[in-house]
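You asked for a quick read of this structure before you dig in yourself. Here are my notes, point by point.

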Amino acid sequence: MSTVVLSLYNGANVPGGGGRFWAYMQFAQGLRRLGCQVYWLEQLRPSSDSAEEAQLCVSVRERMQRFGLDGTTLLYAADPRSVDGVRFLGCTESRARAVLRRADLLLNFHYAIDRRLLGWARRTALVDLDPGLLQQWMATGQLAVARHDRYFTTGETVGTPEARFPSCGLSWKHIRPPVCLDLWPVAYTPDAESFTTLSRWSSASWLKVKENGHTTLLDNTKRAAFLEYVELPRQVARPLELALHLLDRDPAGQARRKRAEQDAADRAHLESHGWRVRDSGEVAACPDSLRSYVQTSRGEFSCAKPSSVEFRNGWVSARSVCYLASGKPIVVQDTGPSSYLPNGEGIFRFSSLAQAAAAFAAIESDYRRHCDAARALAETHFDARRVLEAALNGALGRASSPNGDA
């Protein structure tokens, strides 16, 4: 039995447990289903309030316990006063060091992990969940990533001639976003009305792109992406619903006024064009409620960040894979060529308003067929057991199964 430590950032410590938590948990549960002993290593935000910090640790551990990870959670905060740059919470440094030293693999999702902490592990593999962006950050010096033994990416074009970004001289192994099929069973709901998605809305995210010899800044937010398709609800028969992280209704009054005013204007703009808008905190108050939201939807409609479209990174969202596993057809923005994903059977990839509208018409013409095709795609291409068996074998230098990409 292999021992694997998952090194995470902004997973369990995010209030409610959003989509990134589920993306991480698919890896954790998939590896457990392969017989691995899994540890959850996560950096929390340091707090000057010891009581608040203690409560956060309790909350994280309670959530982990529900997923069978009780006693395997290693939480820490950055602490420049410490010899190793970190301070462990609720466990001793000696225990964490011992776990890392005996583990077969540290699977690292935290790009900026402290190098000293990374050095405790015998074997390391970086997992790229932001294809194109990560390589751009590395190439421009915006992010200094420590050396790893293996490099995995969820972007299909990373390191290939189709990519519009550098490989940084690294050998990238391709893996697909895994989904535990038993945790996301088929939920056929023919009377469901809305195509939905969950998303952050706006943040300070800008991307430098070169065009005709000139460098310009690209607004790299979901806000920019969705507003390009603001007219879509008027062209489709089914309601489109966005569950967004907006600050206009912040009950604690902590939101910055300018951002809150912008979010309020955006909400009104979306609703005036026929969008249904909900607060993501309502539908993702916990992992179970997020899963319920996905499984009671008719399907998913989602745009990609402009960087994914600009870079042609061949990316598919871990959240979209959960819709597929639930038997929900998805309509998602085209992010580049794929060697395995179809277009028009369970998944529709669009590059224009007309293509998106046509996708909904096709789904409604034979809804059950596209629901069945969605689940079949998840079973064929994203089954966590097969995806992670190949990744684990690749990371540990073992022979991979015929169906594995890594």
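**Notes on the model**

1. Let's start with strand S16, residues 347-350. Ile347 and Arg349 point one way from S16, while Phe348 and Phe350 point the other way. Buried or exposed, these residues of S16? All of them are buried, the arginine included. Keep in mind as you read on that this is a predicted model.

2. Next, the neighbour of S16. Strand S15 (residues 330-333) pairs with S16 in the parallel sense, over four bridges. Two facing pairs are handy for finding your way: Ile330 stands opposite Ile347 in S16, and Gln333 has Phe350 of S16 as its bridge partner.

3. Now zoom out to the sheet. S15 and S16 belong to an open sheet of six strands, in the order S13-S12-S9-S14-S15-S16, with parallel pairing. Which strands are at the edges? They are S13 (276-279) and S16, each of which pairs on one side only. From one strand to the next, the twist averages 25°. Helix H9 (residues 287-295) packs on this sheet and touches S9 (195-200), S12 (240-245) and S13. The direction of H9 makes about 145° with that of S9.

4. Asp248 is worth a look. Asp248 lies in the loop between S12 and H7, and with 23% relative accessibility it counts as partly exposed. Leaving out residues up to four places away in sequence, Asp248 touches Ala260, Asp263, Ala264 and Arg267. There is also a 6.4 Å separation between the C-alpha atoms of Asp248 and Glu261, which are 13 residues apart along the chain.

5. That brings us to Arg267, one of the residues Asp248 touches. Arg267 is found in helix H7, residues 257-272. Where Asp248 is partly exposed, Arg267 counts as buried, at 3% relative accessibility. What does Arg267 touch, not counting residues up to four places away in sequence? Its contacts are Leu246, Asp248, Arg249, Val277 and Asp279.

6. On to a helix pair. Packed helices are described by the angle between their axes and the distance between the axes. For H1 (residues 19-33) and H14 (residues 384-396), the angle is about 85° and the axes are 9 Å apart. The two helices are therefore roughly perpendicular to each other. On the H1 side the contact is made by Gln26, Phe27, Gly30, Leu31 and Arg33. H14 brings Ala384, Arg385, Leu388 and Leu392. By class, the contact of H1 with H14 has five nonpolar, two polar and two charged residues.

7. Last, the cysteines. A disulfide is a covalent bond between the sulfur atoms of two cysteines. How many disulfides does the model have? The count comes to zero. Take Cys36: the closest cysteine sulfur is in Cys180, 12 Å away, so the two are too far apart for a bond. The cut-off for a disulfide is sulfur atoms within 2.5 Å. Cys180 is in no disulfide either, as the nearest cysteine sulfur, that of Cys322, is 9.2 Å away. As for burial, Cys36 is buried with a relative accessible area of 8%, and Cys180 counts as buried at 2% relative accessibility.

Key:
Residues numbered from 1 in each chain as written. Predicted model: local features only at pLDDT ≥ 70, side-chain atom pairs only at ≥ 80, totals over all residues. Heavy atoms only, no water. Buried < 20%, exposed > 50% of the residue type's maximum accessible area, 1.4 Å probe, protein only. Pairing = 2+ DSSP bridges. Contact = heavy atoms within 4.5 Å. Axes fitted to C-alpha atoms, helices over the stretch in contact; angles between N-to-C directions. Parallel < 35°, antiparallel > 145°, perpendicular 65-115°, else oblique. Nonpolar A, V, L, I, M, F, W, Y, C, P; charged D, E, K, R; others polar.
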